[in-house]
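The following note sets out, point by point, how the secondary-structure elements of this entry are arranged. It is intended to be read beside the sequence and the coordinates.

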Amino acid sequence: VRTRVAIIGAGPAGLLLSHLLANAGIDSIVLDSRSREEIETTIRAGILEQGTVEILDESGASDRVRTAGHRHDGIELRFAGEGHRIDFAALVGRGVWLYPQHEVLKDLIATRLAAGQDLRFGVTADHVEGVETDRPRVLATDAAGNAIEIDAEFVVGADGSRSVARAAVTGSSTGGYFREYPFAWFGILTEAPPSAPELIYSNSPHGFALISQRSATVQRMYLQCDPELDPNSMSERQIWDALQASVDGHDLLEGPIFQRDVLRFRSFVAHQLLRGRVALIGDAAHTVPPTGAKGMNLAVADVVLLNKALQALLLEDDSRLLEAFPEQALQRIWKAQHFSWWMTSMLHVAPDASDFDRLRQLGELRTVVESESGRRYLAEAYTGWPLAGR
Ligand code: DHB
C-alpha cells in the first residue's frame, strides 16, 4: 500500500499527527501492534497542559476534554506534615486539565475513524527500509501473519518506549542518553470520593505519594515503591496505611481498590530524532519519569513541530523546518527532562538517602514554596512552556 506518511504507533503522538496532517490535506496510515480495545483501556497519566488542551480542542481532535475534563488551577506540595498550594492561575495565568490519556485516545480514534483514516490495529511494524531515500518503507505483519509493505514519502516512529523505528534512526534499538531511578510507583484506582480539591504531591519520611483523581467517584493514587514490588503482595489495608503515612497528616478517604500496577521510572532521550526521511516522536524519542506528568504533553509538543515540518516538506518541497526539527524539539525535551528529574528527586526518598540528604531535601522544598520565583518556575513548567510552531 501507498501513503504519504506512514505512522507507526496509535498512541497520542501518532494519532494526533495523523489528525493534524489530515487537516492540512496530507494522507497517512497509522498502524499499531495493539488492539483498539487495549489502547482504549490501558490506564495512563491524567494531566494535560493548557497548550495540549488548546491543540486537541482547536484542531477538532477532542471537544470532550473541555466538557468531561476538569480544569485545575493549582497543586498542593506537601512536606513536613504541611501542605503548600502552588497557585498556577495567580502565578502564570494558566492551568492544567485532568483528563485521562485513554480518554484522549478514545476521542482521537473516534475522530480519525469518522474521517476515514486508514488506522490498522493488530499490525506490527518489523522494520523500516529506505531511510535515506525519498521512498522509505515500513515492513509489517498483520494479526493473521500476512506481510504488509507500506510505501511512503515519510515514516514517523511514534511507537513508544520499545520503538521498532528507533533502530532505523539511531542505528540501535536502545541508542540514547538515559538514567534509571532506584524506585517506582505503585498505582491504584479506588472507588472513593476525592480526598482534596486538587492533586497532592507529598514528600514524607516514608517516601512519596501522589493523590490524583479521575472522577467524583474514582480516584487515582500513587505510592513510591521498590521497582521489584509485586503489586498483589500488599493487602488493601497495607496499601491504605502506606498511603496515609505518606501524606503525613492529610486524611485520605478510603474505598475499595480495583486496579493496581507498578510503573517503572526511567529518563531517556534518543541520540538522534531524525535520519533521512524517518523521525521519532513521543516515547520513541524520549521517556520521562511520571512525576510532573510531562510524558503525553511532550509527545504533543513534538507533534506540533513535526506537523509543520512535514507540511512544509510535502506541500511546498521545503525541508528547512524538518532539518531544524531535532534541535527545536530537543530544547523542550531537555527542559522537560530536567523538570521531571527535578520533581522526582525533590519529592522521593532514595533508598540510600542519608540524614543530610533528607534535611537538604526539606531545604529545597522550602526554597521552592517560600519563594514566588520558585513557585513560578514550578507553575510555568507544570502548566507547560509555550508551544513553538503553532
Ligand atoms: C497523574 C500522573 C502523574 O504522573 C502526575 O504527575 C499527575 C497526575 C495521574 O495519573 O493522574
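1. In this predicted model, strand 17 and strand 20 run antiparallel and are joined by two bridges. Within this pairing, Val269 has His286 of strand 20 as its bridge partner.

2. These strands belong to an open sheet of eight strands, whose order is 6-5-14-15-16-13-17-20 and whose pairing is mixed. Its edges are formed by strand 6 (82-87) and strand 20 (286-287), each of which pairs on one side only.

3. Another antiparallel pair consists of strand 15 (residues 207-213) and strand 16 (residues 218-225), with five bridges between them. Ala209 has Leu223 of strand 16 as its bridge partner.

4. Which strands does helix 10 lie across? They are strand 13 (176-191), strand 14 (200-204), strand 15, strand 17 (257-270) and strand 20. Relative to strand 17, helix 10 runs at about 130°.

5. Helix 10 (residues 320-347) also meets helix 9 (residues 295-316): their axes come within 9 Å and cross at roughly 170°. Angles over 145 degrees count as roughly antiparallel, and helix 9 and helix 10 are therefore described as roughly antiparallel to each other. On the side of helix 9, the contact is made by Leu298, Ala301, Asp302, Leu305, Leu306, Lys308, Ala309, Ala312 and Leu313. Helix 10 contributes Arg320, Leu321, Leu322, Phe325, Gln328, Ala329, Arg332, Ile333 and Ala336. Sorted by class, this contact has 13 nonpolar, one polar and four charged residues.

6. Helix 9 has a further packing partner in helix 1 (residues 12-23), with an angle of about 30° and axes 9 Å apart. The crossing of helix 1 past helix 9 is right-handed. Helix 1 takes part through Pro12, Ala13, Leu16, Leu17, Leu20 and Leu21, and helix 9 through Met296, Ala299, Val300, Asp302, Val303, Leu306, Asn307 and Leu310. The class count for this contact is 12 nonpolar, one polar and one charged residues. Asp302 and Leu306 of helix 9 are listed both in the contact with helix 10 and in the contact with helix 1.

7. A second open sheet has three strands in the order 3-7-4, with antiparallel pairing. Strand 3 (47-49) and strand 4 (70-72) are its edge strands, each pairing on one side only. From one strand to the next, the twist averages 35°. Strand 3 and strand 7 (residues 96-98) are joined by three bridges, and Leu48 stands opposite Trp97 in strand 7. Helix 3 (residues 50-58) packs on this sheet, where it touches strand 3 and strand 7. The direction of helix 3 makes about 85° with that of strand 3.

8. Which residues surround the ligand? The shell is made up of Ala45, Gly46, Ile47, Leu199, Leu210, Ser212, Arg220, Pro290, Thr291, Gly292 and Ala293. By class, this shell divides into six nonpolar, four polar and one charged residues. Leu210 and Ser212 of the shell fall within strand 15 (residues 207-213), and Arg220 of the shell falls within strand 16 (residues 218-225).

Methods:
Residues are numbered from 1 along each chain as its sequence is written. This is a predicted model: local features need pLDDT of at least 70, side-chain atom pairs count only at pLDDT 80 or more; totals for chains, interfaces and linings use all residues. Axes are lines fitted to C-alpha atoms, for helices over the stretch in contact, and angles run from 0 to 180 degrees between N-to-C directions. Helices (H or I, at least four residues) and strands (E, at least two) are DSSP runs, numbered from the N terminus. Angles under 35 degrees count as roughly parallel, over 145 as roughly antiparallel, 65 to 115 as roughly perpendicular and the rest as oblique. Two residues are in contact if their C-beta atoms, placed from the backbone, lie within 7 Å. Ala, Val, Leu, Ile, Met, Phe, Trp, Tyr, Cys and Pro count as nonpolar, Asp, Glu, Lys and Arg as charged, and the others, Gly among them, as polar. A residue is near a molecule or strand if its C-beta atom, placed from the backbone, lies within 6 Å of it. Two strands pair if DSSP finds at least two bridges between them. A crossing is left-handed if the near helix is turned anticlockwise from the far one by less than a right angle, and right-handed if clockwise.
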